[in-house]
Amino acid sequence: MCDTALRIVIVEDETLIRRGLELLLADVGHEVAASLADAALLCDAVARYEPDLVVTDIRMPPTHTDEGLVAALAVRAAHPATGVVVLSQHVQRSYAHLLLGADAGSAGGATGGVGYLLKQRIADIDTFVRDLAVVAAGGTVLDPDVVAVMVDRARRSTSAVRSLTPRQQEVLALVAEGQSNAAIAAALFLTEKAVVQHMSRIYDALGLCVDADGHRRVQAVVRYLDDA
C-alpha cells in the first residue's frame with residue numbers, strides 16, 4: 001500500500017498495459033481518475049480531474065512517435081503543479097532533456113515533478129510505486145538505463161566527465177537518476193558527508209552551480225550530460 005493516495009490520469013493506447021496500470025495503481029491505494037487511449041484527450045482530462053500525477057506512454061496514435069511526450073509537455077506548461085511520468089520502450093536521452101527543459105515549465109515555473117521510465121520498470125512494482133510518489137511530491141526520476149547511456153556518452157567524449165574518478169562517475173549517475181544524498185550514500189556504502197564532498201568536486205569539475213533543490217540539481221546534471 002502507498003503512504004499517500006494519489007489521483008492519477010493514465011494515457012496508454014495498448015489495452016492490456018492500460019488495464020494493468022489501472023489495476024496496479026488501484027491495488028496500492030491510488031485513485032485512477034481517468035484512463036485514456038488518446039493523448040489528445042490528456043489536457044482536457046487534467047483540467048477536469050486535477051490529478052496529482054499523469055502517467056503516459058510516449059508513443060501514441062496516430063503516428064506512434066511522440067504524441068504522449070507532446071501531451072505531457074503541454075500539461076507541464078498549463079498545469080505546473082501536476083507531476084508527469086512518461087513511459088517508453090526505448091532509451092532516448094533527448095526525452096529527458098525535453099522534460100527537464102525550461103520550455104516545459106514556462107507557465108510560471110513548474111512545481112510538479114517529472115519522471116522518464118522504461119516500461120520494463122513497471123514489473124518492479126515497489127520501485128515503480130515509489131518512483132510515482134517521488135514525482136508527485138515534486139521530485140525527478142530518470143530510468144537508470146537512460147542515465148547510463150548519457151554518462152557513457154559523456155565519458156567517451158571530450159567532456160569533463162572523463163576527468164572524474166570512477167566513484168565520482170557513480171555518484172553523478174545516481175544524481176542524474178534523481179537520487180537524494182541519503183539514497184546515494186546507502187547505494188554506494190558511503191556516509192552522506194562523503195557524498196556531499198564528492199558532489200562538491202563534481203560540481204567544480206563540471207562548472208555547475210550548487211543548488212540544494214533536488215529537481216534543479218538533476219536538471220543541471222542532465223543538461224550537462226545531454227550537451228556533452
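Student: Which residue stands opposite Y116 in β5?
Tutor: V86 does. Keep in mind that this is a predicted model.

Student: OK, and how many bridges join β4 to β5?
Tutor: There are 5 bridges between β4, residues 83–88, and β5, and the two strands run parallel.

Student: Which way do β5 and β6 pair, parallel or antiparallel?
Tutor: They pair in the parallel sense, over 3 bridges, with β6 covering residues 140–142. In that pairing V114 stands opposite T140 in β6.

Student: What handedness does the unit made by β5, α5 and β6 have?
Tutor: Left-handed: β5, α5 and β6 make a left-handed β-α-β unit.

Student: And β5 as a whole, is it enclosed or open?
Tutor: Largely enclosed by the rest of the structure, because 5 of its 5 residues are buried. V114, Y116 and L118 point one way from the strand, while G115 and L117 point the other way, and all are buried.

Student: Switching to packing. Which residues have the most contacts inside the largest nonpolar core?
Tutor: V9, Y116 and L225, in a core of 53 residues. So Y116 of β5 turns up there as well.

Student: Which helix gives the most to this core?
Tutor: Helix α7, residues 166–177, with 6 residues.

Student: What is V9 in contact with, leaving aside its neighbours within four places in sequence?
Tutor: A33, A34, L36, L42, A45, P51, L53, V54 and V55. Apart from this core lies another one of 18 residues, which includes I8, I10, L25 and L132.

Student: Now charges. How many salt bridges does a search of the whole structure find?
Tutor: It finds 10 salt bridges. One of them joins the side chains of K119 and E12, at 3.0 Å from N to O. That pair links distant parts of the chain, 107 residues apart: K119 sits in the loop between β5 (114–118) and α5 (125–136), and E12 in the loop between β1 (7–11) and α1 (15–27).

Student: Are those two buried or exposed?
Tutor: Buried. K119 has 12% relative accessibility, and E12 has a relative accessible area of 1%. Both count as buried because the cut-off is under 20%.

Student: What else does K119 meet in a salt bridge?
Tutor: D57, at 3.1 Å from N to O. This pair also links distant parts of the chain, 62 residues apart, with D57 in strand β3, residues 53–57. Both K119 and D57 are buried.

Student: And what about D131 and R130, how do their side chains meet?
Tutor: In a salt bridge of 3.5 Å, N to O. D131 is buried, with a relative accessible area of 9%, whereas R130 is partly exposed at 45%. Separately, salt bridges that share partners join E12, D57 and K119 into one network.

Student: Back to E12. What does it touch, not counting residues up to four places away in sequence?
Tutor: I17, R18, L36, A37, D57, M60 and K119. L36 is also among the contacts of V9.

Student: Which backbone nitrogen lies 2.9 Å from a polar atom of the E12 side chain?
Tutor: The one of E14. The side chains of E12 and K119 are also joined by a polar contact of 3.0 Å.

Student: Last one: how far apart are E12 and I58 in space?
Tutor: 8.6 Å, C-alpha to C-alpha, though they are 46 residues apart in sequence.

How values were computed
Residues numbered from 1 in each chain as written. Predicted model: local features only at pLDDT ≥ 70, side-chain atom pairs only at ≥ 80, totals over all residues. Heavy atoms only, no water. Salt bridge = Lys/Arg side-chain N within 4 Å of Asp/Glu carboxyl O. Helix = DSSP H or I, 4+ residues; strand = E, 2+ residues; numbered from the N terminus. Buried < 20%, exposed > 50% of the residue type's maximum accessible area, 1.4 Å probe, protein only. Core = buried A, V, L, I, M, F, W, Y, C linked by side-chain atoms within 4.5 Å. Contact = heavy atoms within 4.5 Å. Pairing = 2+ DSSP bridges. Right-handed = clockwise from strand over helix to strand, strands pointing away. Polar contact = N/O pair within 3.5 Å; in protein donor to acceptor, adjacent residues only side chain to side chain.
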